[in-house]
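Take a look at the model below.

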Amino acid sequence: MSDEPNWRRLYAAVLITLAVLIALFYAFTKAFA
Amino acid sequence: MRPIDWFVLIATLLAIVAYGVWKGRRQKRLAQYLLADRQLRWYSVAFSVMATQASAITFLSTPGQAFTDGMRFVQFYLGLPIAMVILSITAVPIYHRLKVFTAYEYLETRFGVGTRTLTAILFLIQRGLGTALTLYAPALIVSLVLGWNINLTTIVIGTLVIIYTASGGTKAVSWTQMHQLFIALGGMAVALAIAIHSLPKSVGFVDAVRVAGRMGRINVIDFTFDLSTPYNFWSGLIGGLMVALAYFGTDQSQVQRYLTGETVTQSRLGLLFNGMVKLPMQFFILFVGAMVFVFYQFVQPPLLFNPTHRAKVSTTQLATLENEHRAIFEAKKRALLDGASTSELRALQDRETAKRKEAIALVQKADPRADGSDTDYVFLTFVMNNLPVGVVGLVLAAVFCAAMSATASGLNALASTTIVDVYKRLIHKDAGDHHCVRVSKLATVFWGLFCIAFATVASRIGPLIVAVNIVGSYFYGTILAIFLLAFYTKHVTGTAAFWGAITGEIAVILCAKYTTMAWLWWNVVGCVVGVVAALLIDLGVRWQSHRSLIRIEERRLEPPHS
């Protein structure tokens, strides 16, 4: 189907978001703890 | 509570119930009643999945967690996005292809009816208890706010949920959940804004975060590997992944949400959206708790947050402690405004915490059955004592909405499993669609009443958010083991999976009883022991049958005795 999303990209986007959030949380902890 | 708060609360709840009943009218077929005819778009699936997990406990207990323990609880959700990806690749297409009503129905196609029934029963026990706890949380609020009888409150909330869940089924549940989630998050956002706005003029937003950090509340990520602490990066990533895989992949209350997706694509998109926004959402709720903590650095907090605790101790005993507590608070507030060192502040904080513990010990001495923790009351106390008229009603409505949405999903899933995996499979195999819809409604009412009954004895389990997850962690690992064997092995038999699961469950119970292992790791133990035991049993059985075949072959080749 033409409107089928590119799943690999979507899965990668979810995992990259996770990695970015972990980095941000860590930076937040380091900055304020 | 003022009349306007009452109006906001009652109007919101009645509107939700009426909307649910209206949306779910005319449900004739089982697929309509249990799966909304598999017609929902990804955003409905996503919000339904999120609202199912975000119960009132999330909105009540989580800010309290941040208040007492900091924001490290967010790490519990680190494995969730990975689980969403894994499930989108594996479970979603399988469930859709087989057009199952429940996750356990799939197990029969792989392992036979025994394993299906065992897993369904484990689910019914665990989800039945979990749903009861999600009902108990808002009952706690109203009993605190109005001095109502907690059992009566449980009955009122439970009845409201039963009305629209039993009448409208999954469609009513999914549509109401979207609105409920927005109301709940809106209520939290207003509470956060007011907490920050109520700080002294000299304390800005960044200063407030800095205060939370200096007092140890901004401990979001901790890379220390320690099996005995429940929330660190590793337990969150590994244990949290197991919990999320089991919860979203095998727990019918969640599986049912994405089985309503119109196509595999819609269901997958719903799960992936959840994977992207869940962590920020939990961070936000914990941040509200951290800001409530900062608020109480400048406004005198009560010594005991649970108002029922006060009645258990003599006023003279309490007055002495309250005076000491107030003196420590004043000293801490002065130190904060004067820019004292972190070690000085933490020492004062430790003294304040010690006073609170002393007061709770007094309460427990007077009444040994009293709850040793008042974490769950922190956010409520803040709402009731400090939010303006109208907003109190809104925040209470938010908490009730969250409770109702999670309870509705639970009842809906309990009814589905009871009908599809027990009633229709084992008792009345030839039951028609109309009959099954009628019995599903009765099952919803039955489970609603069960949850109400259990909720009345839940008050001594401990902090609620932890209690729900602890109940789940007794079973999740084992159930996940069964599903992993089903998804990823081809040769393992139903008997091996069944006994593997039993072995995994025994291992979890032994860990819980005889070790200091934190509960998140029980999921890993149940899963790993379950899988390994099943593989070994399967290997043993196949080796045994291989030996039997060789013996038969040897006998066949032996020369006949003369």
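Which residues of α19(B) are buried? This is a predicted model. The buried residues of the helix are B:C436, B:V439, B:S440, B:K441, B:A443, B:T444, B:W447, B:G448, B:C451, B:I452 and B:A455. Helix α19 of chain B covers residues 433-455. Its length can be checked. At 1.5 Å a residue, its 23 residues should span 33 Å. The end C-alpha atoms lie 32 Å apart, so the helix agrees with that expectation.

Now step back to the fold. Chain B has 23 helices and zero strands. Three domains divide the chain. Domain 1 takes in two segments, 3-295 and 385-473. Domain 2 runs over 307-370, and domain 3 over 474-556. Between the C-alpha centres of domain 2 and domain 3 of chain B, the distance is 50 Å.

Next comes the overall form. The C-alpha atoms of chain B fill a box of roughly 105 × 55 × 45 Å along the principal axes. A compact globule of 562 residues would have a radius of gyration near 24 Å; chain B has 26 Å, which agrees. Of the 562 residues in chain B, 55% are buried. Contacts tell a further part of the story. Take those in chain B between residues at least 6 apart in sequence: 85% of them join residues at least 24 apart.

Finally, turn to the partner chain. Here 16 residues of chain A are in contact with 20 residues of chain B. On the chain A side, 13 of the touching residues are nonpolar, two are polar and one is charged.

Technical notes: Residues numbered from 1 in each chain as written. Chains lettered and ligands numbered in written order. Predicted model: local features only at pLDDT ≥ 70, side-chain atom pairs only at ≥ 80, totals over all residues. Domains from an automatic or database assignment. Helix = DSSP H or I, 4+ residues; strand = E, 2+ residues; numbered from the N terminus. Expected span 1.5 Å × (residues − 1). Buried ≥ 20, exposed ≤ 12 C-beta atoms within 10 Å, placed from the backbone. Rg over C-alpha atoms; globule rule 2.2 N^0.38 Å. Contact = placed C-beta atoms within 7 Å. Nonpolar A, V, L, I, M, F, W, Y, C, P; charged D, E, K, R; others polar.
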